[in-house]
Amino acid sequence: MSMVGKNVDALCTRCGLTLAHIVLYEVGGVIARVKCKTCGAEHKYRGAKVRDRKGETGGDRTRRTGTRAAEESRQAEAVETQRWLQRQNELGKNTPIRPYRMTDRYQRGEVIEHPTFGIGFVEKILEDQRMDVLFKGSLKRMVMSLPAK
Ligand SMILES: [Zn+2]
């Protein structure tokens with residue numbers, strides 16, 4: 001179940017409090033970045049999931065699991081980078097590239113430019129407010145058509 005575009009409680013480093021945040025994007029089904037609804041600051045999400053995992057496993061097992069997870073994420077990154085490079089090669093000179101704004105609506109197949117991640121390819125639209133975008137090295141589930149305040 002994707003949380004993109006939904007509210008989540010997270011610690012805001014600017015406010016110094018646990019406050020409601022909007023989930024901006026996910027990587028591999030895990031919340032990666034949030035925006036504080038109080039001060040508007042964007043930051044990485046350090047959520048309950050990490051704490052749960054530490055709590056339930058012992059030392060040795062945690063280390064093995066961690067190594068395998070790191071290896072899998074390296075492989076996934078290599079695959080996504082290959083896919084991205086191929087899409088980049090196929091990109092025509094006249095293909096319009098739209099800047100990414102979380103309040104804009106996008107269509108499958110569009111090319112966007114994100115200020116941090118660069119060129120991205122919209123691969124899938126989910127439930128009107130989310131989309132899967134292939135950036136170099138990772139597929140991110142991004143928020144879109146967020147109501148402007
Ligand atoms: Zn804040």
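(Strands here are DSSP runs of E with at least two residues, numbered from the N terminus.) Strand 2 and strand 3 run antiparallel to each other and pair over 6 bridges; to count as a pair, two strands need at least two bridges found by DSSP. Together strand 2 and strand 3 make a hairpin with 2 residues between them, and Gly28 in the turn has a positive phi of about 60°.

Before going on, a word about what you're looking at. This is a predicted model, where local features need pLDDT of at least 70 and side-chain atom pairs count only at pLDDT 80 or more, while totals for chains, interfaces and linings use all residues. Residues are numbered from 1 along each chain as its sequence is written.

**Who pairs with whom**

| Strands | Bridges | A facing pair |
|---|---|---|
| strand 1 and strand 2 | 6 bridges | Leu11 and Thr18 |
| strand 2 and strand 9 | 3 bridges | Tyr25 and Met142 |
| strand 3 and strand 4 | 3 bridges | Lys35 and Glu42 |

Two of these pairings are hairpins. Strand 1 and strand 2 have 4 residues between them, with Gly16 in the turn at a positive phi of about 70°. The hairpin of strand 3 and strand 4 has 5 residues between the strands, and Gly40 takes a positive phi near 85°.

**What sits inside**

Nonpolar side chains tend to be buried together in soluble globular proteins. How many residues does the largest nonpolar core have? It has 24, and those with the most contacts inside it are Val23, Val34, Val133, Met142 and Val143. Strand 1 (7-12), strand 2 (17-27), strand 3 (30-36), strand 7 (118-126), strand 8 (130-135) and strand 9 (138-143) are the elements that give two or more residues to this core. The core also draws at least three residues from each of domain 1 (7-56) and domain 2 (78-149), with bounds that come from an automatic or database domain assignment.

By "nonpolar core" we mean a set of buried Ala, Val, Leu, Ile, Met, Phe, Trp, Tyr and Cys residues joined through C-beta atoms within 7 Å. "Buried" means 20 or more other C-beta atoms within 10 Å of a residue's own, "exposed" means 12 or fewer, and "partly exposed" is in between, with C-beta atoms placed from the backbone.

Take Val34 as an example. Leaving aside neighbours within four places in sequence, Val34 is in contact with Val8, Ala10, His21, Ile22, Val23, Leu24, His43 and Tyr45. A contact means that the two C-beta atoms, placed from the backbone, lie within 7 Å.

Ser145, in the segment after strand 9, isn't a glycine either, yet has a positive phi of about 40°. Ser145 is partly exposed because 17 other C-beta atoms lie within 10 Å.

Ser138 belongs to strand 9 and is partly exposed, since 19 other C-beta atoms lie within 10 Å. Not counting residues up to four places away in sequence, Ser138 touches Val27, Glu77 and Glu80. The C-alpha atoms of Ser138 and Phe117 are separated by 9.5 Å, with the two residues 21 apart along the chain.
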